[in-house]
Each structure stands twice: as structure tokens, then as C-alpha cells.
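Open the model in your viewer and colour the chain by secondary structure. The stops below go from the whole chain to single residues.

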Amino acid sequence: MEKPRPDKVATVGEIAEKMSAVDVVFVSEYRGLTVGALAELRGALRTSGSEHKVYKNTLARRAAVDTGNSALVDLLVGPSALTFVSGDAAATAKALKEFSKNNPLLVIKGGVLAGDRKSTRLNSSHLVISYAVFCLKKK
């Protein structure tokens, strides 16, 4: 078996660190969105304390398994972006939903809530928003 390249190991470590540090991770498909549209989305998400980033699916899958977020593995197919939520999960879910209304090319695939390191897979965008709001009310 071939030894992994140091840059890939570092990227997996970066993703795993972010997944471990946040409460929620959303996965979305960005196929067809322009660079300007993605920059606009990143700006909107930044105001709610979130980070939207594109990684290679293979590296993101490995980090998801390493951090106990294996529910993300099935979602990481095709052009996928990860949104790391360290702030208000409901505001982030709302920002993603609003952006996808104006830009139907953004597809919210789902996400995981990493409360006590258990992954809860969220499938539809409506379920993502509902679950985020439920968790915030629960706190």
C-alpha cells in the first residue's frame, strides 16, 4: 500500500479538526454555481458564524469516519461543499435555504449534528432547518 502524501494527511487533519470543533456540518452540492455566487454564499454564512468550504470528497470522507461522523459519507458524492457551523445553526440553515431559493443550483444534501459525538443524518433541507431549530430550543 502506498504511503499517503503529507499534504493530503494535513488536509484530512484540517477537516477532522473542524468537524470536531463544530456543532453541525451541512453538506451541499454547488454544481453550476459561479464563483461570484459562491463568494456571496460564503459572505452570508460568515455572518452567522459558519464556514463554507470545498474539499476533495475522498479526504472529507476519511475525516468524517475518523471523527465519528460516518453519516456524512453517503452525502459526499459529486461536487460537495461542507458548511461548518460553530455559531447559530438555525441562522445558518436559514441562510442556506434562502440562498438555495434564489440560486436553485445549490442543493442542500443534508448534514450531521455532532452533539455528543453521535451523528444524526439530516436528509432534506426542510428537515435540516427543523432539526436545527429543535436543537436550539432544547438547549
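In what order do the elements of the chain run from the N terminus on? The order is α-β-α-β-α-β-α-β-β-α, which comes to five helices and five strands. Helices (H or I, at least four residues) and strands (E, at least two) are DSSP runs, numbered from the N terminus.

This is a predicted model, in which local features need pLDDT of at least 70 and side-chain atom pairs count only at pLDDT 80 or more, while totals for chains, interfaces and linings use all residues. Residues are numbered from 1 along each chain as its sequence is written, and side-chain values use heavy atoms, with hydrogens and water left out.

**Whole chain.** Colour by pLDDT, the predictor's confidence in each residue, from 0 to 100. The mean for the chain is 83, and 81% of its residues reach 70 or more. Of the 139 residues, 45% count as buried (buried means under 20% relative accessible area, exposed over 50%, partly exposed in between, with a 1.4 Å probe and protein chains only).

Contact means heavy atoms within 4.5 Å. Where pLDDT is low, the predicted coordinates should not be read in detail.

**H2 and H4.** Select residues 35–46 (H2) and residues 89–102 (H4); the axes of these helices come within 9 Å and cross at roughly 155 degrees. That makes H2 roughly antiparallel to H4. Axes are lines fitted to C-alpha atoms, for helices over the stretch in contact, with angles from 0 to 180 degrees between N-to-C directions; angles over 145 degrees count as roughly antiparallel. Show side chains to see Ala-37, Glu-40, Leu-41 and Leu-45 in H2 meet Thr-92, Ala-95, Leu-96 and Phe-99 in H4.

**Tyr-30.** Move to the loop between strand E1 (24–29) and H2, where Tyr-30 lies. Tyr-30 counts as partly exposed because its relative accessibility is 21%. Leaving aside neighbours within four places in sequence, Tyr-30 is in contact with Leu-38, Val-54, Pro-79, Ser-80, Ala-81 and Leu-105. Ser-80 is 50 residues away along the chain, yet the two C-alpha atoms are separated by 6.4 Å.

**Asp-74.** Finish in the loop between helix H3 (57–66) and strand E3 (80–85), which holds Asp-74. Is Asp-74 buried or exposed? With a relative accessible area of 56%, Asp-74 is exposed.

Definitions and conventions: Parallel < 35°, antiparallel > 145°, perpendicular 65-115°, else oblique.
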